[in-house]
Amino acid sequence: APLERIREGELQSEGAVAGALQVPPSGLPVLFLADHPVTGGYPVIAAVVPEDLPVAAQLPPGTTVRFVLVDPDTLQPAGAAGTENQPEGRRP
C-alpha cells in the first residue's frame with residue numbers, strides 16, 4: 001500500500017545519494033541505486049547502508065522490506081549492547 005504523505009508537492013532540492021528511499025506524491029517509495037538523480041525534491045524517509053545496496057538492488061518491485069535503525073559508526077542495531085565501546089571506523 002502506498003504511504004500517505006501529509007505534505008504535498010516538492011521540497012527544496014538537495015543532493016541525492018545511492019541508498020536513499022524517497023517518497024514521491026504517489027506514495028510508492030523509490031530506492032535510489034547507481035543510476036539515481038544528482039538531486040531530489042521529495043521526502044527521504046530512510047537510507048540503505050552501502051554494504052546492503054547490492055542485496056537491495058536485487059529485490060523485485062513490490063517486495064516488502066523492514067528497515068532497522070543502526071549506529072552509523074558500527075552498522076549494528078542502534079542501542080545494541082556492546083556497540084558503544086567499539087573503536088571508531090571498526091565494522092564487525
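Among contacts in the protein (heavy atoms within 4.5 Å) between residues at least 6 apart in sequence, 37% join residues at least 24 apart. The structure is a predicted model, in which local features need pLDDT of at least 70 and side-chain atom pairs count only at pLDDT 80 or more, while totals for chains, interfaces and linings use all residues. Residues are numbered from 1 along each chain as its sequence is written, and side-chain values use heavy atoms, with hydrogens and water left out.

The mean pLDDT (the predictor's confidence in each residue, from 0 to 100) is 79, and 79% of the residues reach 70 or more. Over residues 83-92 pLDDT stays under 50, and the model has 12 contacts beyond four places in sequence for this segment. Where pLDDT is low, the predicted coordinates should not be read in detail.

The protein contains one helix and five strands, taken as DSSP runs numbered from the N terminus (helices H or I, at least four residues; strands E, at least two). Along the sequence the pattern is β-β-β-β-β-α. An open sheet is formed by three strands in the order β3-β2-β5, with antiparallel pairing; two strands pair if DSSP finds at least two bridges between them. Because β3 and β5 stand at the edges with a single partner strand each, one side of each is left without a neighbour in the sheet. Strand β2 (residues 20-22) pairs with β5 over three bridges, and alanine 20 stands opposite alanine 47 in β5.

Of the 92 residues, 20% count as buried (under 20% relative accessible area; exposed is over 50% and partly exposed in between, with a 1.4 Å probe and protein chains only). Leucine 33, in the loop between β3 and β4 (39-40), counts as partly exposed because its relative accessibility is 25%. Beyond four places in sequence, leucine 33 is in contact with Ala18, Leu53 and Ala57. Its C-alpha atom is separated by 9.2 Å from that of proline 54, 21 residues apart along the chain.

The largest pocket has a volume of about 1000 Å³. A pocket is an open set of points on a 1 Å grid over the protein atoms alone, where a 1.4 Å probe fits, with protein on both sides within 12 Å along at least five of seven lines; lining residues have an atom within 4 Å of a point. Grid points are joined across faces, edges and corners, and the volume is the space filled by probe spheres set on the points. Of the 31 lining residues, Leu21, Leu31, Leu59, Val65 and Phe67 are the closest to the pocket centre. At least two lining residues each come from β3 (30-31), β5 (44-47) and α1 (53-57).
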